[in-house]
Amino acid sequence: MKTLHLILLSLLSLFANAQTFTLKSNEIGGQAAAQQLFNGFDCTGANISPQLNWENPPVGTNSFAITIYDEDAPTGSGWWHWLIFDIDKNVAELKSNSGNLKSGLAPQGAVQSKTDFGVSGYGGPCPPQGDGSHRYVVTVHALKIEKLGLEATANPALVGFMLGEHTIEKASLIFYHKR
């Protein structure tokens with residue numbers, strides 16, 4: 001009986017100390033910062049994508065993708081603010097402003113496809129005036145394949161479908177913004 005208790009305690013200790021796939025940011029708080037807000041559509045932010053880092057990816061991860069999605073957008077289908085994929089499995093951080101295609105900060109080989117703004121790269125929060133708080137879900141997808149096989153011209157729905165087909169596990173952060 002004593003041996004059984006020791007075994008059970010050992011197993012519980014293993015589960016208690018298990019590390020989970022986690023997404024973090026030094027820049028995302030509860031509310032969007034002015035630097036993250038879109039610059040256009042009557043919004044006057046700096047349109048700088050946030051710094052992101054992740055840890056403890058699941059076994060079998062061959063690449064990563066990051067998405068930012070506003071499920072509260074009054075479109076009937078939400079609004080995709082950023083889709084970056086084909087991020088090498090050895091990368092664990094995106095620097096601030098990696099979503100700016102001209103910055104050269106995105107990991108080599110990563111693809112930034114079209115957002116619902118109609119262009120590639122990061123497009124920050126810019127909800128309609130008076131529409132209330134919108135939730136911006138930032139997600140890192142651990143993928144079982146190295147490349148999605150999509151170009152930067154791929155639309156968000158296609159990228160989302162392919163991510164759904166190849167995601168092993170994902171981790172998310174949420175921040176809010178209203179005007």
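This is a short tour of a predicted model, stop by stop.

**Stop 1: the disulfide**

Select Cys 43 and Cys 126. A disulfide joins them, with the sulfur atoms 1.9 Å apart. The count of disulfides here is one. Turn the view to look along the S-S bond. The torsion about that bond is about 90°, so the disulfide is right-handed.

Now colour the chain by element. Cys 43 sits in strand β3, and Cys 126 sits in the loop between β8 and β9, so the bond ties together parts 83 residues apart in sequence. Are these two cysteines buried or exposed? Cys 43 has a relative accessibility of 7%, so this residue counts as buried. Cys 126 is buried too, at 15%.

**Stop 2: salt bridges**

Side chains of opposite charge can pair when their charged atoms come close. How many salt bridges does the structure hold? There are four.

Select Glu 55 and Lys 24. Their closest N and O atoms are 3.2 Å apart. Glu 55 lies in strand β4 and Lys 24 in strand β1, so this pair ties together parts 31 residues apart in sequence. Glu 55 is partly exposed, at 29% relative accessibility. Lys 24 is partly exposed as well, at 36%.

Next, select Arg 179 and Asp 42. Here the closest N and O atoms are 3.9 Å apart. Arg 179 lies in the segment after β10, while Asp 42 is in the loop between β2 and β3, so the bridge ties together parts 137 residues apart in sequence. Arg 179 is partly exposed, with a relative accessible area of 26%. Asp 42 is exposed, at 65%.

**Stop 3**

Select Asp 72 and Arg 135. Their side chains meet in a salt bridge, at 2.6 Å from N to O. Asp 72 is in the loop between β5 and β6, and Arg 135 is in strand β9, 63 residues apart. Asp 72 is partly exposed, at 22%. Arg 135 is partly exposed, at 32%. Salt bridges that share partners join Glu 71, Asp 72 and Arg 135 into one network.

**Stop 4: the largest pocket**

Select the residues that line the largest pocket, among them Thr 67, Trp 80, His 141, Leu 163 and Lys 170. Which elements give two or more residues to the lining? They are β5, β9, α2 and β10. The space inside is about 150 Å³. Colour the lining by class: four residues are nonpolar, seven are polar and one is charged.

Key: Residues are numbered from 1 along each chain as its sequence is written. This is a predicted model: local features need pLDDT of at least 70, side-chain atom pairs count only at pLDDT 80 or more; totals for chains, interfaces and linings use all residues. Side-chain values use heavy atoms; hydrogens and water are left out. On a 1 Å grid over the protein atoms alone, a cavity is a set of points where a 1.4 Å probe fits but cannot get out, and a pocket is an open set with protein on both sides within 12 Å along at least five of seven lines; lining residues have an atom within 4 Å of a point. Grid points are joined across faces, edges and corners, and a volume is the space filled by probe spheres set on the points. Helices (H or I, at least four residues) and strands (E, at least two) are DSSP runs, numbered from the N terminus. Ala, Val, Leu, Ile, Met, Phe, Trp, Tyr, Cys and Pro count as nonpolar, Asp, Glu, Lys and Arg as charged, and the others, Gly among them, as polar. A disulfide is a pair of cysteine sulfur atoms within 2.5 Å. Buried means under 20% relative accessible area, exposed over 50%, partly exposed in between (1.4 Å probe, protein chains only).
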